[in-house]
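Visitor: I would like to go through this model with you and ask what stands behind each label. Could you show it to me?

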Amino acid sequence: MRVVRIGVALALAVPALAAGAHLLAAFLLSRLAVEGQPAVREGVEVFVCTNGVHTDLVLPAVTAAVDWTVDLPDGDFPGAGPQASHRSFGWGDQAFYLETRQWSDLRLSTALSALFGRGPSVMHVHALHRPAGSPDCGALVLGAGQYGALTAFVRGSFRRDGAGRVMPLPGSGYGATDLFYEAVGHYSPVETCNEWTGKALRAAGVTMGAWTPFEDGVMRWVR
């Protein structure tokens, strides 16, 4: 019986220790700066926004450098209207995104699939107005090279067909102003939706935490 009790104690302790180590690493590494390029006054204004759990990049729909309406045409977002000047991008686990539209929809199987990185990923895109002044967003101004690096990272996160076109999932949006597209990579406790945002910003030369699995680890650098 003693051996059984020890085995049960270990079975309970190991996940708790792993979770504690994950949280400690996230706390420390999200505050360890990967220094970026000096701030610029003129360039492309971008936003990083949060819903309290998940972060998105919000980029102008059209600039001299990139026209997102080529890959993500207005027809994909019929409810957005002509004033939708921006596109937001959020990467994550497909099952979690599509099957958990509210927290009450969360199932253990969905959570475990995301946790162990077994399922495909998606890119969630919104057509929206410029979110200036929102308390949920931080604004950054990027130079031409920085913005080019950022958009290259985002473009490279979409899965594409043989002709190089993005691959939408018809009817998958939460409403008429958003849509999901197939993406590359797999979600895991290491490669989270917020770490995707952090990676994109580090690629663009924005000072950011070394590892940002949670939204606060991203937002503390951009607000």
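Guide: What follows is a conversation about a predicted model, taken label by label.

Visitor: Let us start with the whole chain. How many helices and strands does the protein chain have, and what share of its residues counts as buried?

Guide: The protein chain has seven helices and eight strands. Of its 223 residues, 40% count as buried. As for contacts between residues at least 6 apart in sequence, 74% of them join residues at least 24 apart.

Visitor: What makes the link of cysteine 49 and cysteine 137 a disulfide?

Guide: The sulfur atoms are 2.0 Å apart, and the cut-off is 2.5 Å, so the pair qualifies as a disulfide. A search of the whole structure finds one disulfide. The pair links distant parts of the chain, with cysteine 49 in strand 2 (residues 44-50) and cysteine 137 in strand 6 (residues 137-142), 88 residues apart. The angle about the S-S bond is 110°, and the link is right-handed.

Visitor: Why is cysteine 49 called buried, and why is cysteine 137?

Guide: Buried means under 20% relative accessible area. Cysteine 49 has 13%, so it counts as buried. Cysteine 137 has 15%, so the label buried applies there too. Cysteine 193, at 11%, is also buried.

Visitor: What makes the contact of glutamate 45 and arginine 130 a salt bridge?

Guide: The closest N and O atoms of glutamate 45 and arginine 130 are 2.8 Å apart, and the limit is 4 Å, so the pair counts as a salt bridge. Glutamate 45 lies in strand 2 and arginine 130 in the loop between strand 5 and strand 6, so the pair ties together parts that are 85 residues apart in sequence. A search of the whole structure finds eight salt bridges.

Visitor: Why are glutamate 45 and arginine 130 called partly exposed?

Guide: The label partly exposed covers values between the 20% limit for buried and the 50% limit for exposed. Glutamate 45 has 27% relative accessibility, so it is partly exposed. Arginine 130 has 45%, so it is partly exposed as well.

Visitor: Which salt bridge does arginine 160 form with aspartate 71, and what parts does it tie together?

Guide: The side chains of arginine 160 and aspartate 71 meet at 3.1 Å, N to O. Arginine 160 lies in the loop between helix 5 and strand 7, while aspartate 71 is in helix 2 (residues 68-71), so the pair ties together parts that are 89 residues apart in sequence. At 26%, arginine 160 counts as partly exposed, whereas aspartate 71, at 15%, is buried. Asp71, Arg155 and Arg160 are linked in a network of salt bridges.

Visitor: Are glutamate 195 and arginine 202 buried or exposed?

Guide: Both glutamate 195 and arginine 202 are buried. Their side chains meet in a salt bridge, with 2.5 Å from N to O.

Visitor: How do you know that the buried residues of helix 5 lie on the same side?

Guide: The buried residues of helix 5 are Gln146, Tyr147, Leu150, Thr151 and Val154. They cover an arc of only 125° around the axis, which puts them on the same side of helix 5. An α-helix has 3.6 residues a turn, so residues three or four places apart point the same way. The face turned away from the buried side carries the exposed residues Ala144 and Gly145.

Visitor: How does the span of helix 5 compare with the expected one?

Guide: Helix 5 (residues 144-156) has 13 residues and reaches 18 Å from its first C-alpha to its last, close to the 18 Å expected at 1.5 Å a residue.

Visitor: Why is strand 7 described as largely enclosed?

Guide: Five of the six residues of strand 7 (residues 178-183) are buried, so the rest of the structure largely encloses it. Strand 7 runs antiparallel to strand 5 (residues 121-128), and six bridges join the two. In this pairing, histidine 126 stands opposite aspartate 178.

Visitor: Why is asparagine 194 called buried, and which residues does it touch?

Guide: Asparagine 194 has a relative accessible area of 2%, under the 20% limit, so it is buried. Its place is in helix 6 (residues 193-203). Leaving out residues up to four places away in sequence, asparagine 194 touches Val53, His54, Thr55, Thr212, Pro213, Phe214, Glu215 and Val218.

Conventions
Residues numbered from 1 in each chain as written. Predicted model: local features only at pLDDT ≥ 70, side-chain atom pairs only at ≥ 80, totals over all residues. Heavy atoms only, no water. Buried < 20%, exposed > 50% of the residue type's maximum accessible area, 1.4 Å probe, protein only. Helix = DSSP H or I, 4+ residues; strand = E, 2+ residues; numbered from the N terminus. Pairing = 2+ DSSP bridges. Expected span 1.5 Å × (residues − 1). Arc of directions from axis to C-beta. Contact = heavy atoms within 4.5 Å.
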